[in-house]
Amino acid sequence: MTDLTNYRNIGIFAHVDAGKTTTSERILKLTGKIHKTGEVHDGEATTDFMEQEQERGITIQSAATSCFWNDHRLNIIDTPGHVDFTIEVYRSLKVLDGGVGVFCGSGGVEPQSETNWRYANDSGVARIIFVNKLDRTGADFYRVVDQIENVLGANPLVMALPIGIEDDFIGAVDLLTRKAWVWKDPNDPAKYEIEDAPADMSEKIEEWREKLIETAVEQDDAIMEKYLEGEEPTIDEIKSCIRKGTISLTFFPTYCGSAFKNKCVQMILDAVVDYLPNPTEVKPQPEVDLEGNESGEFAIVDPDKPLRALAFKIMDDRYGALTFIRIYSGKIEKGMTVLNTFTGKSERIGRIVEMHADERIELDVAQAGDIVAAIGLKNVQTGHTLCDPNKPATLEPMVFPDPVISIAVAPIDKGASEKLGIAIGKMIKEDPSFRVETDQDSGETILKGMGELHLDIKVDILKRTHGVEVEVGSPQVAYRETVTKRVEDTYTHKKQSGGSGQYGKIDYVIEPGEPGSGFVFESKVTGGNVPKEFWPAVEGGFQKSMDKGVLAGYPCLDFKVTLFDGAFHAVDSSAIAFELASAAAYRQSMPKAGPQLMEPIMKVDVFTPDDNVGDVIGDLNRRRSIIKSQEANPTGVRVKAECPLSEMFGYIGTLRTMTSGRGQFSMEFLNYSPCPKNVADEIIAETLAREEEKKK
């Protein structure tokens, strides 16, 4: 059996362009996994193997690979940074034990870093921090450390200080040993020298080293007592304290370097081995029953326990569907039968492979702690649990956000429609944040996603990977409707046409709910005027109706229905009668309840050079934005704003024109907010005209 204490399941995550993929490439080179380093900007990175990734120089899907460092096995997942693909980060963090958060030395903490950091906190993942790109103009290690503390609310434990900065950056001082790691030969990344630290840094080294030790010894009372009595702990004692604090998320060991220039990546690998947890040191995954309630049982990381594994990613390639699996307990063997608790059906494991980006190594068996891919699983999707058929249990499932933008697509030639259906089926399996539906009236295929780039890439994949050319309609925003007034009303459903009739009378209140509450139903009927067995039918009638609002047919959000009285007939009343009564009541009362159109608001973060700040802010104001803050940094200004999604289409083109190609921006969904009346009237008129057009 493999020694699990030598395993590290880690992810590399950060915002766009912080250097995650470059860091992964350097790790693979140093661990002997690849012999030539591929560069992202040349489109040759090992883990960016999709054509779209190589062209755009961004990571779109998380890639998995394994390598060895100091007799430890590292299972590494390189994740995307772009906000449209955050889902990839979320599901990767869900199955990892530790992570390396990469921050740009000049850009610092960006909005996407905040989102990823929040996901990592939610998943309870221990992390080390790597402040990268210290060779760049405007880099400042100490400023980034300060931002990590103030913006992320994290506690960075500085482990190394940079020697030189920007063009003069040559290495780092390890604070524990007070030794300098220096890379003098730019052509040989593996060659570095360990020497005495520069004399002019001695004061700074002692100041930061004291902070490091004081923070670390708090993890162990005995070591702390010795330290307070004036006895310095040994390096091994300090390391054990740091490991303890890192695993408990008390602090995050922080390093510096430049992955592109091959400096200090060895320190990161040592830190992964020294401080990040092995699979047995992580809080075990809670098991839930089939209703989704916690059962109090946990999936203990042990090859001899019953099988518990989570499918966290589906990838379709030329050999068929690959299902990426994290095994929490037990083991999986080639040819064995497992139970998928979501579908209730058995699945046979055809082959097990260990992935190195898009290459694969065949395995006969995999055990607790492993991240592998299985071939031959038919109905498994992201978030499904695979377990021992004789001892079933479900692991906590994943929750995915709703899409905020949609486009209509149609195949260019009629013969491609079947091909389109098959291709879209595969793409939905791969990406849970990508949804597809068919418009009942027009028969159009509607693709829904997390942003313009997300859908742009999906159309590109349809064309290149699946060979389906499609015509694309203009993007549509996912508006919602809600109510603003309380309405008390009554409705009677009566139908008599020979034989048994239908009768159901309901007295009810419709009122605005709390933002984010969705639909809430409550019954206050006393005395049996509406028997208890009909309450779910009343609730169901309203719930089914809320998909179509009364203004423009958009789904209705955040309202509460209270049933307080009614009447029934001993013979003619039935669940269906009450359901029809509540569906008609919805249509009758919603127009009286002050219906209002809601639009998705995005959290927008724009980077602009100093000279263009006025133009950028003026343009954002024209787009109905609320400017939240402006922060100057050495290379420009970051403007944070909240802006309606409908105003942001094609924004990247405008921004690049205004800033001569130097501006960047990212945005993510924030919330739904009331639409101003003039805008709402326009949207409603457009939507209704579109519906009329479809009917023709």
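**Entry 1: helix 12**
I began with helix 12, residues 535–545, in this predicted model. Which of its residues are buried? I noted W535, A537, V538, G540, G541, F542 and S545.

**Entry 2: the whole chain**
I then stepped back to the chain. I found 16 helices and 38 strands in its secondary structure. Of its 696 residues, 54% count as buried. I also checked how far apart in sequence the contacting residues lie: among contacts between residues at least 6 apart, 72% join residues at least 24 apart.

**Entry 3: confidence**
Before going further I looked at pLDDT. The chain has a mean of 79, with 82% of its residues at 70 or more. Which element has the lowest mean, and which the highest? Helix 2 (residues 51–56) has the lowest, at 39, while helix 14 (residues 613–622) has the highest, at 92. I marked residues 34–63 in my copy, as the pLDDT there is below 50. Beyond near neighbours in sequence, that stretch still has 97 contacts in the model.

**Entry 4: both ends of helix 7**
Helix 7 covers residues 221–228. At its start I found a side-chain oxygen of D220 within 3.0 Å of the backbone nitrogen of A222. Just after the helix, I noted that G230 takes a positive phi of about 95 degrees.

**Entry 5: helix 8 against helix 9**
How do helix 8 (residues 235–247) and helix 9 (residues 265–275) pack? I read an angle of about 80 degrees, with the axes 9 Å apart. Angles of 65 to 115 degrees count as roughly perpendicular, so helix 8 is roughly perpendicular to helix 9. From helix 8, K239, I242, R243, T246 and I247 take part in the meeting, and from helix 9, V273, D274 and Y275. I sorted the residues of this contact into four nonpolar, one polar and three charged.

**Entry 6: a glycine in a loop**
My last stop was G124, in the loop between helix 4 (111–123) and strand 5 (126–132). Is G124 buried, exposed or partly exposed? G124 counts as partly exposed because its relative accessibility is 37%, and that class lies between 20% and 50%. I also looked up D97: G124 and D97 are 27 residues apart in sequence, and their C-alpha atoms are 8.5 Å apart in space.

Definitions and conventions: Residues are numbered from 1 along each chain as its sequence is written. Side-chain values use heavy atoms; hydrogens and water are left out. A polar contact is a pair of N or O atoms within 3.5 Å; within protein, one must be able to donate a hydrogen and the other to accept it, and residues adjacent in sequence count only if both atoms are side-chain atoms. Helices (H or I, at least four residues) and strands (E, at least two) are DSSP runs, numbered from the N terminus. Axes are lines fitted to C-alpha atoms, for helices over the stretch in contact, and angles run from 0 to 180 degrees between N-to-C directions. Angles under 35 degrees count as roughly parallel, over 145 as roughly antiparallel, 65 to 115 as roughly perpendicular and the rest as oblique. Contact means heavy atoms within 4.5 Å. Ala, Val, Leu, Ile, Met, Phe, Trp, Tyr, Cys and Pro count as nonpolar, Asp, Glu, Lys and Arg as charged, and the others, Gly among them, as polar. pLDDT is the predictor's confidence in each residue, from 0 to 100. Buried means under 20% relative accessible area, exposed over 50%, partly exposed in between (1.4 Å probe, protein chains only).
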